[in-house]
Amino acid sequence: MSSYKGHTVFAVMLSFLMFYNPLAISLAILGANFPDFDHEFKQNQVLTILALGIITVCFLYFLNLPIYLGLILILLSLIFLFSSHRGFTHSIIGVLIQGVLIFLLIFCALDLAMSFNPQSNINIPINLLLAFILLAVLGIFFLNKKVAILNTVFIISSIFLLYFGVLPIFKLDIRMVVFSIYLGLFSHLILDSFTPSGIRIFSPFIKNEYHKKAGILIFALLLASYFILFSQYLPFYKFF
């Protein structure tokens, strides 16, 4: 199984164990595929994102709108351009920074879209509809083509399921959004820790490589964080 397939499948598996929320699963898929943008074969794609960021800054500046969205794209691309493979972007600090930037990217894009006061005539909240559309667009730029297509199909299916009332309409929970992003990012580190080269989780300060034990520890911390943040949604919560 190739790298992007393995990371995507693992993120989806973890998401299904923890959430029944299509938005959360899409965010986890996005996060799981981010760290490998430090690879050489992704350089052209990173340069495209850098160019898109510069164009976005110029476009928003011309319209007298906040340019944060473009700046975030530029910063993300620069991080990947100047990182060696499985270096900074595969470290604890690197993952934390990527998570913050992904969240800010989504937040700024939604805030910009909502500033135009869009109206929706369907029974789906406009912020949720925009979130799904945004994830589909981000998937085109940040995911492998096959994964992006599957992610888009999944998002479109989710919109129809919500429209016909098969899935309950849910509020955008910031805790869920942030945790889902980090679930994907840290799932990437967990899988890479089981490879022969391991991961440098304390890069750039410590260059030592860590393997399976580090991955198991990260997985345990993810589970602990999930139980702390979302224990009220678990079936056994009422017994405590």
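How are H3 and H4 oriented relative to each other, roughly parallel or roughly antiparallel? Before you look, note that this is a predicted model, where local features need pLDDT of at least 70 and side-chain atom pairs count only at pLDDT 80 or more, while totals for chains, interfaces and linings use all residues. Residues are numbered from 1 along each chain as its sequence is written, and side-chain values use heavy atoms, without hydrogens and water.

**Stop 1: the helix pair.** Select residues 43-62, helix H3, and residues 68-81, helix H4. Helices here are DSSP runs (H or I, at least four residues), numbered from the N terminus. The two pack at about 155 degrees, with axes 7 Å apart. H3 and H4 are therefore roughly antiparallel (angles over 145 degrees).

**Stop 2: the contact.** Show side chains, including Leu50, Ile54 and Val57 in H3, and Leu73, Ile74 and Leu78 in H4. These are among the residues that meet (heavy atoms within 4.5 Å). By class, the contact of H3 with H4 has 15 nonpolar, 5 polar and no charged residues.

**Stop 3: Tyr68.** Stay in helix H4 and pick Tyr68. Is Tyr68 buried or exposed? Tyr68 is exposed (over 50% relative accessible area), at 53%. Now pick Val57: the C-alpha atoms of Tyr68 and Val57 are separated by 7.6 Å, and the two residues are 11 apart along the chain.

**Stop 4: Phe34.** Select Phe34 next. Which residues does Phe34 touch? Leaving out residues up to four places away in sequence, Phe34 touches Leu76, Phe80, Gln98, Ile102, Phe142 and Leu185.

Notes. Axes fitted to C-alpha atoms, helices over the stretch in contact; angles between N-to-C directions. Parallel < 35°, antiparallel > 145°, perpendicular 65-115°, else oblique. Nonpolar A, V, L, I, M, F, W, Y, C, P; charged D, E, K, R; others polar. Buried < 20%, exposed > 50% of the residue type's maximum accessible area, 1.4 Å probe, protein only.
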